[in-house]
Amino acid sequence: MDTFDWVWVLIRIIVASVILTIVLVTMGFLTYFERKVAAHMQQRQGPNRTGPLGLLQWVADAVKLIHKEEIIPAGADRAIFWLAPMLSMLTASAAYAFIPFGEHIELFGRSIPYYISDTPVGILALLAFSSLGVYGLIMGSWSSNNKYSLLGGLRSSAQVISYEVTMGISLIGPLLLAQSLNLNDIARAQGGSLVTGFTGSLLNTPGVWFILLQPVAFLTYLTSAIAETNRTPFDLPEAESELVGGYHVEFAAMHFGLYFLAEYINMITVSAIATYCFLGGWQGPFGAAFGPLWFIIKMAGFIFFYYWLRWTVPRFRYDQLMGICWKVMLPLALVNILLVAIMRTGVALIQPDIPPLALGNLGVTWPWLVFIAIQLVFAVIVVVGASRATVGSWWGKSDRPRVGDPRSLTTTLDGDTPRRVELRPGL
Amino acid sequence: MELTDQVTGFLLTLRTMVGPTVTVQYPDAMRELAPRFRGAVGFLPHPETGREKCVGCGLCPQICPVDAITIGIIEDESDGADHTDEWHPFEHYYMKGLDPLDATSKKFTYYYHINETRCLYCGLCVEVCPVEALVMSHHFEMATDNRGETIYDKHKILQMGKTYMAELNERLEGVAVPPALPGRTQRPSQLGRPATVEQPDSGAQAYGREESKSSK
């Protein structure tokens, strides 16, 4: 141990600080882009005054938040009130220790990693930190000594605990296929892009993006990830129209800013997990050299979907939220695991040394094709079934008013029979 | 909640997003005002002299519901000569008792102030004016850091009217003006001089007796 590699330590420190900086700056730009997307979806222009195209708006916001007075309510539990936003922010940003932005790059004769740590249990650690984040919310809501805060905190804890289950179970499918909890291994197991195929996948893994093999798990994960990050349409903990602001009603200045920061960072985190487990992580058509680029592009797609969803879909009712989680998502995820486990074992039994789909010819890799076909049929049944189940009939037309149907706006009488305008029951 | 409904909703927001925005970047770009937009009250310039047509009848301060208009009326004691070629600063001109429009005029104002912080843009003064001297101009940017500047004097009011007329002529260029309806009396503004001079005279005298504030 006489030759301790100081340069290695230095490189790790630099990489860590660079990643943290990038994450924080990205979060700032995410708020800007959210406002822009929201504005354009409402035919507005959004921030365009601060800096070129308004790109410095987030800097102005941050400076304002930092300079504001931090107000602690008289009845608040001061210590916890102080601690809660920091806990929220810390757990959110600590997750970046486990997210690789790519494999590594050769510079100055050294291999410089694109990640802070490459732990074998990466995804487990990510899930652990993302579930720790809810403590910040609960502590903040409790210490505020405010009924709206408390209600927001209650909702948040119930929601996050429920969806944590679905989220974890949806991820088991991809993990079974990749046979690893390491995020880099999961990305490697997905071979390459859908276009060019093989760029170095392991033997006995599918070698294509897991979204093809796990479409149902993808849907359940996506839904529960949105609920996990408290975004619309599952933003019941905040619910401006019901709870004023939910758990952060009493928080001002940078205390609120930290919560805000944590929400956006959590969004990046769950998008990163989705990218790794379903869209091939840093895999791209031109090899691993542009790994971070592909990774960020895929993540940006997810984040845009978040924005899109937020400005399209209204908020769920609370019982609907819980109903979807426990009565729909959880059974689906469990059935999916069952299916994956059976088929994965079957594939291994049929051909123990089956090559990746993108590598071998189709005659050898036919078990993977069967796997994909069954999963796609499953996905179609689930999607169409969910759609028809809400309508109430598998084959007939809906009795309920639909989008754009003038009936949905009127409560007129048909002869003597009053039209029943009933609230849809929770799923 | 059917699948197609969800797709419809998502496509709608996406289409809106890539579509045009409706926001007008106001300080940079000005939105076109409606023809009858009610801005600050301005003096319509006389078609020949280019000065205001006011005859000092005192109806506008009388009808103003918020007392935004304050005018000073003076009787004409001129010699009957034509002074329309001369130009002097308005205040002095009127103080000398000379009518810029017509030396035969009996009354006119030597000051005419509108308090823009009070004005509610109802347009009653424009409607009541017997000689169509007033108009709701398109001037609405009246923000200032000096309270005194919110009280507009005669020069400013006439300038707003001139700007308004210029904009109106530019907009109406090439537009055919419909002929006057049969049986309708010709508008006073289409004459060089109001057809009935006596009416505002007698009216103003009556108002002058009742309304002390308008005839300081």
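Why does Leu53(A) count as partly exposed? Select it first: Leu53(A) has 14 C-beta neighbours inside 10 Å and therefore counts as partly exposed, on a scale where a residue is buried if 20 or more other C-beta atoms lie within 10 Å of its own, exposed if 12 or fewer, and partly exposed in between, with C-beta atoms placed from the backbone. Leu53(A) is found in the loop between α1 (6-41) and α2 (57-67) of chain A, and its phi, near 60°, is positive although the residue is not glycine.

Before moving on, note that this is a predicted model, in which local features need pLDDT of at least 70 and side-chain atom pairs count only at pLDDT 80 or more, while totals for chains, interfaces and linings use all residues. Residues are numbered from 1 along each chain as its sequence is written, and chains are lettered from A and ligands numbered from 1 in the order in which they are written.

**Chain A as a whole.** Colour chain A by secondary structure to bring out 13 helices and 4 strands; helices (H or I, at least four residues) and strands (E, at least two) are DSSP runs, numbered from the N terminus. Buried residues account for 40% of the 427 residues in chain A.

**The largest nonpolar core.** Next select Ile99(A), Leu261(A), Tyr264(A), Ile273(A), Ala274(A), Cys277(A) and Phe278(A), which touch the most other members of the largest nonpolar core, a set of 90 residues; such a core consists of buried Ala, Val, Leu, Ile, Met, Phe, Trp, Tyr and Cys residues joined through C-beta atoms within 7 Å. Helix α10 (residues 253-278) of chain A gives the most to this core, with 16 residues. Around Ile99(A), leaving aside residues up to four places away in sequence, look for Tyr115(A), Leu183(A) and Ala272(A), which Ile99(A) touches.

**Helix α11 of chain A.** Select residues 291-310 and compare the ends: at 1.5 Å a residue the 20 residues should span 28 Å, and the end C-alpha atoms are 29 Å apart, which agrees; the expected span is 1.5 Å times one less than the number of residues. Among the buried residues of α11(A) are Trp294(A), Lys298(A), Phe302(A) and Tyr306(A), and the cover over the buried residues includes α1, α8 (215-228) and α10 of chain A.

**Chain B.** Now turn to chain B, which has 6 helices and 5 strands and of whose 216 residues 26% count as buried. Asp67(B), in the loop between α2 (59-63) and β2 (69-75) of chain B, has a positive phi near 55° and counts as exposed because it has 11 C-beta neighbours inside 10 Å.

Notes: Contact = placed C-beta atoms within 7 Å.
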